[in-house]
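Good morning, and thank you for coming.

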Amino acid sequence: MSRAALLVLADGRFPAGGHAHSGGAEAAVRAGRITGAGELAEFCRGRLHTTGLVSAALAASAALGMDPAGLDAAADARTPSPALRGAARRLGRQLLRAARATWPSAELDALARDFPKGAHQPVVLGLAARAAGLGAADAAYCSAYESVGGAASATVRLLSLDPLDATGVLARLAPEVDLVVDRAVAAAREALAEGPETLPGASAPLLEILAETHAASPARLFAS
Amino acid sequence: MHLDHTHSGPVALSADARRPDGTRRALRIGLGGPVGSGKTATVAALCRALREELSLAVVTNDIYTREDAEFLLREAVLPPERISAVETGACPHTAIRDDISANLEAVEDLEDTAGPLDLILVESGGDNLTATFSKGLVDAQIFVIDVAGGDDIPRKGGPGVTTADLLVVNKTDLAPYVGSDLPRMAADAKAQRGELPVVLQSLREETGVRDVADWVRARLADWTAPA
């Protein structure tokens, strides 16, 4: 594996559409649930241990070479909100375009043929990591970090939060990101032996509910 | 010529001039410029001027609503299936320059669902004087400013004013009311842009969008000419 390839894939400037999404932060800001750095930290911690863990386990499983169609169905089953399923597929399609241009691979081409309108983003992320010569833990790190990084940068824009405070939130979550990645990789190895139904199904009901409210909102800065 | 090449997947990448099935894709023209300069009005006027002779579609990049797309729908300048809105996450310039993936999905989906198309107009959300389109997204770009935004804008320059393939100075009918010096704006634009063209227009006057439409026709003639 190449550590530099991991930096390319994990870079927030990797052109795969993430900038237009807030990870539920915009809806939470509007609902008055995030008003500053302290609440942002709690929000991110909640995301990390729920959707972050599920996404990281899916990404790690795809990086281990599990069947993408089975993982995509597992992702659907773990995403109750239709708006979030739609966002995950759009982001998956955008990531697939960037990954195919960056690390051409037969597996990514096959995924594009099988999912012309996009597979769930963590599944694409795992296959992109594979195409980049990266492993399951690398894919899980990208996914787990993304699950909090996107919300933090969106909150900087939404609340005019001090960017140094937002970066501090992410830095202090780092040990927990490590733990979530360990759990995600262990779950992926179990799923490789037992099937995708054993993957974690941690869920944050309020994220799902607010995502639906957000999708119906006539004016918003972020797509999700 | 490589008529018999095989494509490994269904997705065209960025600026490829051909679609995955080998046909030539639509010409893509971007329209950028500051908030309120008349981008959407120019797009609407272009649609009215060109829709009888060309198959065209529009992608809008709104900042926090679907208002631009809804304006075009309300004005019925094109059928609804030919207008697509992209959400840009608080940064319109990112979606047209740094990470064009959502816009590429939108233009490709329009060609799939409403095609074959001759022309796709991609309208940026209102942004600043440095916002330009990626060459991976559009083949040519128009930068729209207006006389009421300050007649010093051409002199100040910036990537939009200086490098756009066409500069449009809009709302010339307002110049007497806002104290803008049109000849000076034209001279400053010429100094910034050298040989690149400038159009001064008022959509409220009879000539309307004529000069810009002619420029678009010329770009399309270049695009479809055999190489």
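Buried area is the accessible area, taken with a 1.4 Å probe, that two parts lose on being put together, summed over both. Please keep in mind that this is a predicted model. Between chain A and chain B, the buried area comes to about 2,000 Å², and carbon and sulfur atoms give 48% of that. On the side of chain A, the residues that lose the most area to chain B are A:His19, A:Arg97 and A:Leu221, which together account for 33% of what that side buries.

In terms of contacts, 23 residues of chain A meet 26 residues of chain B.

A:Arg97 forms a salt bridge with B:Glu108, with the closest N and O atoms 2.9 Å apart.

Which elements of chain A give two or more residues to the side that touches chain B? They are helix H5 (82–102) and helix H6 (106–114). H5(A) gives the most, with 5 residues. By class, this side of chain A has 11 nonpolar, 4 polar and 8 charged residues.

Finally, the annotated site. An unreviewed UniProt entry lists a "binding site" in chain B, including B:Gly33, B:Pro34 and B:Ser37. From the listed set, the lining of the second largest pocket takes in B:Val35, B:Gly36, B:Ser37, B:Gly38, B:Lys39 and B:Thr40. B:Ser37 lies in the loop between strand S1 (27–32) and helix H1 (39–50) of chain B.

Key
Residues numbered from 1 in each chain as written. Chains lettered and ligands numbered in written order. Predicted model: local features only at pLDDT ≥ 70, side-chain atom pairs only at ≥ 80, totals over all residues. Heavy atoms only, no water. Contact = heavy atoms within 4.5 Å. Salt bridge = Lys/Arg side-chain N within 4 Å of Asp/Glu carboxyl O. Helix = DSSP H or I, 4+ residues; strand = E, 2+ residues; numbered from the N terminus. Nonpolar A, V, L, I, M, F, W, Y, C, P; charged D, E, K, R; others polar. UniProt positions renumbered as here; feature names shortened; annotations may be inferred. 1 Å grid on protein atoms, 1.4 Å probe; cavity = no way out; pocket = protein on both sides within 12 Å on 5 of 7 lines; lining within 4 Å.
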